[in-house]
Amino acid sequence: MANMTNPHLADLAAWGIHHQRNCAGLSQPQLAARIAAAGYTTPTWRVLQNIARRRRDPTIDDVAAVAAALNIPPLLVMFPPAQPEVILAGRRADTWQAALWWSGEAPRPYLAGVTGWEAGAAPAILRRRHEQHLREWRT
């Protein structure tokens, strides 16, 4: 299983797949069957097994397929709330702060006092605001 003493992103994603599968009460073959039923060609049972044994890192496609099969956001697979920290580019960071950074909602978690990050996140921020305005307008 993943190295949770020094949880790099690939380790965290592998742990997240294992954790979310267990929370759903599924075996690897059952999760693989759900993934196939959702229309994804990977990961297969063998791929899930290799990820669990850390013979292979999970890909973004693997994370998306698992999340779709379990009907959960991919963010919960990549950044499981049960894990307190992750290593990003060699630095320890709070898992939830890392998730917020990945979603464009916060600056990099390991740099205190960072300013100007909003400019880089502007497309995500503006899209969220646009969607919120549309929802309000439709109601």
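**A chat about a predicted model**

Visitor: Hi! Where does asparagine 71 sit?

Guide: Hello! Asparagine 71 is in the loop between helix 4 and helix 5, the latter covering residues 74-78. Keep in mind that this is a predicted model.

Visitor: Okay. Is asparagine 71 buried or exposed?

Guide: Asparagine 71 is exposed, and its relative accessible area is 73%.

Visitor: What about its backbone, what is the phi of asparagine 71?

Guide: The phi of asparagine 71 is positive, about 60°, although this residue is not a glycine. Arginine 54 also has a positive phi of about 60°, and it is not a glycine either.

Visitor: Where do I look for arginine 54?

Guide: Look in the loop between helix 3, residues 45-52, and helix 4, residues 60-70.

Visitor: And how accessible is arginine 54?

Guide: Arginine 54 counts as partly exposed, because its relative accessibility is 22% and the buried class needs a value under 20%.

Visitor: Let's switch to another arginine. Which helix holds arginine 21?

Guide: That one is in helix 1, which runs over residues 9-23.

Visitor: Is arginine 21 buried or exposed?

Guide: Arginine 21 is buried, yet it has no salt bridge.

Visitor: Which side chain of opposite charge is nearest to arginine 21?

Guide: That is aspartate 62, and it is 13 Å away. A salt bridge would need a side-chain nitrogen within 4 Å of a carboxyl oxygen.

Visitor: So what does the side chain of arginine 21 have a polar atom close to?

Guide: A polar atom of that side chain lies 2.8 Å from the backbone oxygen of leucine 26.

Visitor: Which residues is arginine 21 in contact with?

Guide: If we leave aside neighbours within four places in sequence, arginine 21 is in contact with Leu26, Ser27, Gln28, Leu31 and Leu70.

Visitor: Time to zoom out. How many helices and strands does the protein have?

Guide: There are seven helices and two strands. Along the sequence, the pattern reads α-α-α-α-α-β-β-α-α.

Visitor: What size of box do the C-alpha atoms fill?

Guide: Roughly 45 × 40 × 20 Å, taken along the principal axes.

Visitor: How much of the protein counts as buried?

Guide: Of its 139 residues, 35% count as buried. The accessible surface comes to about 8100 Å², and carbon and sulfur atoms account for 55% of that.

Key: Residues numbered from 1 in each chain as written. Predicted model: local features only at pLDDT ≥ 70, side-chain atom pairs only at ≥ 80, totals over all residues. Heavy atoms only, no water. Helix = DSSP H or I, 4+ residues; strand = E, 2+ residues; numbered from the N terminus. Buried < 20%, exposed > 50% of the residue type's maximum accessible area, 1.4 Å probe, protein only. Areas by Shrake-Rupley, 256 points an atom, 1.4 Å probe, with all protein chains shown as cover. Lys, Arg positive; Asp, Glu negative; His and termini not counted. Polar contact = N/O pair within 3.5 Å; in protein donor to acceptor, adjacent residues only side chain to side chain. Contact = heavy atoms within 4.5 Å.
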